[in-house]
Structure formats: structure tokens, C-alpha cells
Amino acid sequence: MADGSRGELVRQIQDALEAQGVMLETEVWRGLEVYERRLVERNREVNLTAVTDAEGVYWKHFYDSLVVLGLPEVPQAGFLVDVGSGAGFPGLVLAVARPGFSVSLLDALRKRVWFLEEVRGELGLTRVRVVHGRAEEYGRRPGWRESFDMATARAVAQMSVLAELLLPFVRVGGMAMAWKGPDVEEELEGARGAIRRLGGEVEAVHRYELPYGMGGRSVVIVRKISATPTEYPRRPGVPEKRPLT
Ligand code: SAM
């Protein structure tokens with residue numbers, strides 16, 4: 001992509017984010033450009049994302065990750081774990097944008113973890129750690145369990161499974177955030193029992209639109225109101241095979 005059209009694209013995204021109350025420093029946009037170029041380059045060798053054009057990367061990955069920074073529930077600083085981070089969405093993008101966030105990126109796929117390490121090193125993000133592993137295991141570890149202000153996930157699992165993967169990481173008073181498509185009601189209804197059992201309560205569902213017909217999205221905010229019972233999360237694979245009801 002020519003530098004001029006990338007500049008125009010960045011301006012559009014800046015305007016859209018400002019309309020949501022999100023302002024980012026020039027330094028952040030420089031970091032995101034490095035990230036985008038590396039993603040497109042490495043994606044030719046390993047499967048990191050189906051989105052390969054700069055416009056798609058900026059809107060569907062960067063904007064989609066950043067838009068939550070304008071939400072009233074989201075603090076300026078804190079400890080965040082991104083479960084199933086993949087190529088870094090939303091966790092790595094949020095780490096680039098918010099120097100106050102200390103971010104743990106967790107993914108079960110080694111080749112994606114290598115990519116995350118590469119971008120972390122290139123951008124000098126000392127507040128980011130990248131870990132290869134499964135949420136079902138890390139959610140039981142001391143130093144991880146009930147140790148985060150925020151746990152995030154996009155495109156990892158349905159809501160009741162996500163509740164079991166995310167809520168064990170969250171301290172009481174903190175929150176889990178799940179990125180979802182536009183029609184999340186039915187999925188959420190089916191997950192209410194699981195969320196309650198794991199110590200959570202749905203606090204808000206925020207909706208927004210991506211431009212150019214790229215579609216609607218929702219972010220579900222689940223507040224942790226009591227400790228997660230020690231039997232959760234269950235063994236790797238079990239939450240998905242036998243979702244809580
Ligand atoms: N969040 C990224 C995004 O929105 O582009 C990646 C989504 S990708 C479809 C799902 C990722 O979740 C994969 O990289 C997979 O390895 C990871 N994943 C799925 N279940 C997991 C688990 N239980 N623990 C850790 N990672 C998991």
C-alpha cells in the first residue's frame with residue numbers, strides 16, 4: 001500500500017476512534033504500522049489471519065480492538081490477559097495503545113506465539129509477556145488465577161465456554177470482555193447460568209459498526225462479583241466439549 005493511502009486510512013480510523021472518545025499518540029500509530037507490515041509479511045509464511053489487506057487489518061483488527069478504550073468500564077491502566085490472542089487481537093493492539101496496561105498474551109498455537117514474540121521485541125514492549133499454553137491450565141496457576149483486572153477474548157469460543165476460560169483469571173471486581181458479532185442475545189441467554197456459576201454477572205453489551213459494510217459487532221462485559229469455584233476451569237478441551245449450562 002502506498003504511504004499516502006495508508007496515511008488517509010489512519011486518518012479515517014483516528015476520526016472514527018475520536019468519535020468514540022479514544023485519542024492515541026503519534027507513537028502508537030507508528031507502532032501499529034510496524035505491526036501491520038510484519039503481520040502481512042509473516043502471513044505469507046504462516047497462517048495468522050484471513051485478513052491480508054491494509055484496510056482490513058486497520059479496521060477489522062486494529063479499530064475493532066481499540067474501540068473498547070472509549071468504554072466507561074475500561075480503565076486507563078491495569079493487568080490484562082488476552083486468551084487465544086492469535087496474531088494479537090485484541091491484546092497486543094491494546095498493549096501498543098495503552099502504556100498503562102501490563103498485558104499477558106496466551107495462545108495454544110506455537111507459530112502464533114512466535115509471531116507475537118517477534119512484534120513484542122520489535123516494538124520494545126516490555127510490559128507484554130507472551131505465553132504458549134492453554135487457558136484451562138494457566139487459569140489454575142498461582143500468579144495467574146484471579147490476578148487480572150481484565151481478561152479479553154475475540155473469536156475463541158461461544159460465551160458459556162469463554163466464561164469458563166476467562167473468569168478464573170479475573171480478580172473479584174475486575175471484568176471479562178468478549179468480542180462478538182452483532183446478534184449476541186441468544187448466545188448470552190444460554191450462557192447466563194454458566195456465567196453466574198463462575199462468579200460473573202453480565203454488566204453491559206456495547207454495540208458498534210465497522211464501516212463499508214464490514215458489519216456490526218458487540219462487546220460483552222462480564223463483571224466478576226465472586227470467586228470462581230476451585231473446580232473451574234476443567235481439564236483442557238472439556239469446557240468446549242461439555243459447555244456449562
Ligand atoms: N483472538 C484472535 C483474533 O481475534 O484474531 C485469534 C482468534 S483464533 C480464531 C482463536 C485462537 O485461540 C487460536 O489462535 C487458538 O490457538 C486459540 N485458542 C483456542 N482455545 C484456546 C485455549 N483453550 N487456550 C489458549 N488458546 C486457545
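In this predicted model, the largest nonpolar core has 55 residues, and those with the most contacts inside it are Leu24, Leu32, Tyr35, Leu69 and Met177. Helix 3, which spans residues 54-66, gives the most to this core, with seven residues. Another core, of 32 residues, lies apart from it and counts Tyr138, Met159, Ile195 and Tyr232 among its members.

- Leucine 69, one of the residues with the most contacts inside the largest core, is in contact with Val22, Leu24, Val74, Leu94, Ala97, Arg98 and Phe101 once its neighbours within four places in sequence are left aside.
- Leucine 94 is found in helix 4, and it counts as buried because its relative accessibility is 1%, which falls under the 20% cut-off.
- With neighbours within four places in sequence again left aside, leucine 94 is in contact with Ser65, Leu66, Val68, Leu69, Leu80, Phe101 and Trp179.
- Although leucine 94 and phenylalanine 62 are 32 residues apart in sequence, their C-alpha atoms are 8.8 Å apart in space.

**The sheet and the helices packed on it**

- Seven strands form an open sheet with mixed pairing, and their order is 3-2-1-4-5-7-6.
- Strand 3 (128-132) and strand 6 (200-210) stand at the edges, and because each has a single partner strand, one side of each is left without a neighbour in the sheet.
- Neighbouring strands of this sheet are turned by 20° against each other on average, when direction is ignored.
- Strand 6 pairs with strand 7 (residues 215-224) in the antiparallel sense over 10 bridges; within this pairing, histidine 206 has valine 219 of strand 7 as its bridge partner, while valine 202 stands opposite valine 222 in strand 7.
- Helix 3 packs on the sheet, where it touches strand 4 (148-154), strand 5 (170-180), strand 6 and strand 7, and its direction makes about 140° with that of strand 6.
- Helix 5 (residues 110-122) also packs on the sheet, touching strand 2 (101-107) and strand 3, and its direction makes about 165° with that of strand 3.

**The annotated binding site**

- An unreviewed UniProt entry carries the annotation "binding site" for Gly84, Phe89, Ala135, Glu136 and Arg154, and from this set the lining of the largest pocket takes in Gly84, Phe89, Ala135, Glu136 and Arg154.
- Glycine 84 has its place in the loop between strand 1 (78-83) and helix 4 (91-97), and it is classed as partly exposed because its relative accessible area is 24%, a value between the 20% and 50% cut-offs.
- Not counting residues up to four places away in sequence, glycine 84 touches Leu106, Asp107, Arg154 and Val156, so that Arg154, which is named in the annotation, is among the residues that glycine 84 touches.
- Phenylalanine 89 also has its place in the loop between strand 1 and helix 4, but it counts as buried at 5% relative accessibility.
- Leaving aside its neighbours within four places in sequence, phenylalanine 89 is in contact with Tyr35, Leu39, His61, Phe62, Ser65, Asp82 and Arg154; of these, Tyr35 is one of the residues with the most contacts inside the largest core.

**Cis peptide bonds and positive phi angles**

- A cis peptide bond, with omega about 0°, joins phenylalanine 89 and proline 90, and proline 90 lies in the loop between strand 1 and helix 4.
- The peptide bond from tyrosine 232 to proline 233 is likewise cis, with omega near 0°, and proline 233 lies in the loop between strand 7 and helix 9 (238-241).
- Glutamate 146 has a positive phi of about 50° although it is not a glycine; it is found in the loop between helix 6 (135-138) and strand 4 and is partly exposed, with a relative accessible area of 27%.
- Tyrosine 212 takes a positive phi near 55° in the hairpin of strand 6 and strand 7, which has four residues between the strands, and it is exposed because its relative accessible area is 55%, which lies over the 50% cut-off.

Note on methods. Residues numbered from 1 in each chain as written. Predicted model: local features only at pLDDT ≥ 70, side-chain atom pairs only at ≥ 80, totals over all residues. Heavy atoms only, no water. UniProt positions renumbered as here; feature names shortened; annotations may be inferred. 1 Å grid on protein atoms, 1.4 Å probe; cavity = no way out; pocket = protein on both sides within 12 Å on 5 of 7 lines; lining within 4 Å. Helix = DSSP H or I, 4+ residues; strand = E, 2+ residues; numbered from the N terminus. Buried < 20%, exposed > 50% of the residue type's maximum accessible area, 1.4 Å probe, protein only. Contact = heavy atoms within 4.5 Å. Core = buried A, V, L, I, M, F, W, Y, C linked by side-chain atoms within 4.5 Å. Pairing = 2+ DSSP bridges. Axes fitted to C-alpha atoms, helices over the stretch in contact; angles between N-to-C directions.
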